[in-house]
Amino acid sequence: MRIAISGLICLLVLVGGLSAQAGHDGHDHDGHDHPVEKDSGAHGEEATYDPVSTIMHHIADANEFHLFGEVSIPLPVILYAPGHGFTTGLSSMFHHGATAVDGYVMNHGRVNRIADASFPEGHVDLEGEGHHFVHESEDGESAYVMAGGKQYMLDKPSTLDGGLMGGGITSFYDFSITKNVLTMMLAALLLFIIFGRVSSAYKKRGDNAPSGLQGFLEPVFVFIRDEVARPMIGEKHYERFLPFIMSIFFFILVCNLLGLIPFFPGSSNVTGNIGVTMVLAFLVFLVTNFSGNKHYWEHTLWMPGVPWWVKLFVLTPVEVLGLVIKPVSLMIRLFANITAGHIIILSLIGLIFVFGNNGASVGGAATGAVVGGLFTAFMNLIELLVAFLQAFIFAMLSASYIGAAVEDHDHHDEDHATDHHHGGAYAEKVAHH
Amino acid sequence: MGALGAGIAALGAGIGVGLIGSKATESIARQPEASGDIRTAMIITAALVEGAALFAIVVGLLANG
């Protein structure tokens, strides 16, 4: 019952947030209308619903934390442009896009820069109606703002995922505490609190049976140690890499789970941001290659027991490419899985507005709410599985890459045999303690 | 075009994951005591297959963007 009620509340909040957002994002890209005509207020009835831009807006990073309707939490903004210096402040100084500050404007919750050097410094009121101060050009490819009767072109957005989703290289650097950064800090804080309590429980309780939070996390911890780190890295070296594997696993897990919560503390698409997964994969790349032993490099660069021409033309190029492809596949896998999950859920919620013709048809909207709601609940359960699975896969593959780098090749087969035979016995020993 | 590509990629991944699932259940039925190891191998392989499909989906997104 409680689950049903909280599910309903989640759904209502989501629908509320989206309906307020639908007006914001209600512009079409067919390029027939004039820019001003397609920019209508949040409750404008002529606004058409564009599912693609709404979804892209929701999975992207933002410089403010949108709560519902007109309410959003301002976040610190730290911007730097070469030859222009730093601009700092809170994202509320942009007044949801109505004000330009030092040549920066907010577009869809994201800070953009006006490339034109003739644009005045300081706070400038922009011309526009309702909530639309950034206009799109006829072809939908570029955006501009109006100030003092003049048009000023906007630069592309700056973040990396913006570049992937059709943005581009920009003229400024955004070091802001964005929505994703805030969520990552929250995830780190949560992990510090949870594991701080668990470790103090171990100190206090000693060898007694675990209880509470400790009892909840011990099976997960033991699972990662005995099913991921030990068999993949090997008996001899696994303890050295256990903290890294654990940190990666729990950080990804908490970020994934926070992303599934549809309202404030969660809702941001952290592990579905390619910049975040790139850094995680890069860490795995560094750890793997800096801990690689002689055998690893020998097998990578000059595989023994293979004719030299095979090595020179096939094996070595492939292996060297493999050094990079492995972390890149980690990066893409996590990013694409989480982003795909968010896109599916947002599409299902978007059905409400597609069926409801953006407010024109109440019956259609109700049908969309029932169908989309049920499918969203179903997808959320699948995403819960995916959240665990992707954290596990990332940790597992990282461990196997590290394992391949530190493996002792002299007694390769023996090591594996002992791993498998002693795994069960070790777990029993732990259980007895 | 992006949607068509994503559909074809999903087809390939479906065949791949289906094969993995069928072989894994078969081997678990043959040797139930090895089900833990089989499950781990199954999940890793499924993730690799899925990774290939997701590469295609990212390319589809790029093509549409």
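This is a predicted model: local features need pLDDT of at least 70, side-chain atom pairs count only at pLDDT 80 or more; totals for chains, interfaces and linings use all residues.
If you want a pair to look at, His66(A) stands opposite Ser72(A) in strand 2. The two strands form a hairpin with two residues between them, and Gly69(A) takes a positive phi near 50° there.

Next is a second hairpin, made by strand 3 and strand 4 of chain A, with three residues between the strands. Here the glycine in the turn is Gly83(A), and its phi is positive, about 80°. Strand 3 covers residues 76–81, strand 4 covers residues 85–90, and six bridges join them in the antiparallel sense. Within this pairing Tyr80(A) stands opposite Phe86(A) of strand 4.

Strand 3 has another partner. Two bridges join strand 3 of chain A to strand 12 of chain A, again antiparallel. Leu79(A) is the residue that stands opposite Asp174(A) in strand 12. Put together, this gives an open sheet of three strands in the order 4-3-12, with antiparallel pairing. Why does one side of strand 4 and of strand 12 have no neighbour in the sheet? Strand 4 and strand 12, residues 173–174, are at the edges and have a single partner strand each, so one side of each is left without a neighbour.

The other sheet I want to show is also in chain A. Strand 10, residues 143–147, pairs with strand 11 over four bridges. Ala147(A) stands opposite Lys150(A) of strand 11.

Now the helices. Two packed helices are described by the angle and the distance between their axes. In chain A, helix 8, residues 274–290, and helix 10, residues 308–355, have axes that come within 8 Å and cross at roughly 150°. That crossing is right-handed. On the helix 8 side, the contact residues include Ile274(A), Met278(A), Ala281(A), Phe285(A) and Asn289(A). Helix 10 contributes, among others, Leu323(A), Pro327(A), Met331(A) and Phe335(A).

Last, the interface of the two chains. How many residues of chain B are in contact with chain A? The count is 13 residues of chain B, in contact with 18 residues of chain A. The size of an interface is often given as the accessible area lost when the parts come together. For chain B and chain A the buried area is about 1400 Å², and 81% of it is on carbon and sulfur atoms.

Technical notes
Residues are numbered from 1 along each chain as its sequence is written. Chains are lettered from A and ligands numbered from 1 in the order in which they are written. Side-chain values use heavy atoms; hydrogens and water are left out. Axes are lines fitted to C-alpha atoms, for helices over the stretch in contact, and angles run from 0 to 180 degrees between N-to-C directions. A crossing is left-handed if the near helix is turned anticlockwise from the far one by less than a right angle, and right-handed if clockwise. Contact means heavy atoms within 4.5 Å. Two strands pair if DSSP finds at least two bridges between them. Buried area is the accessible area (1.4 Å probe) that two parts lose on being put together, summed over both.
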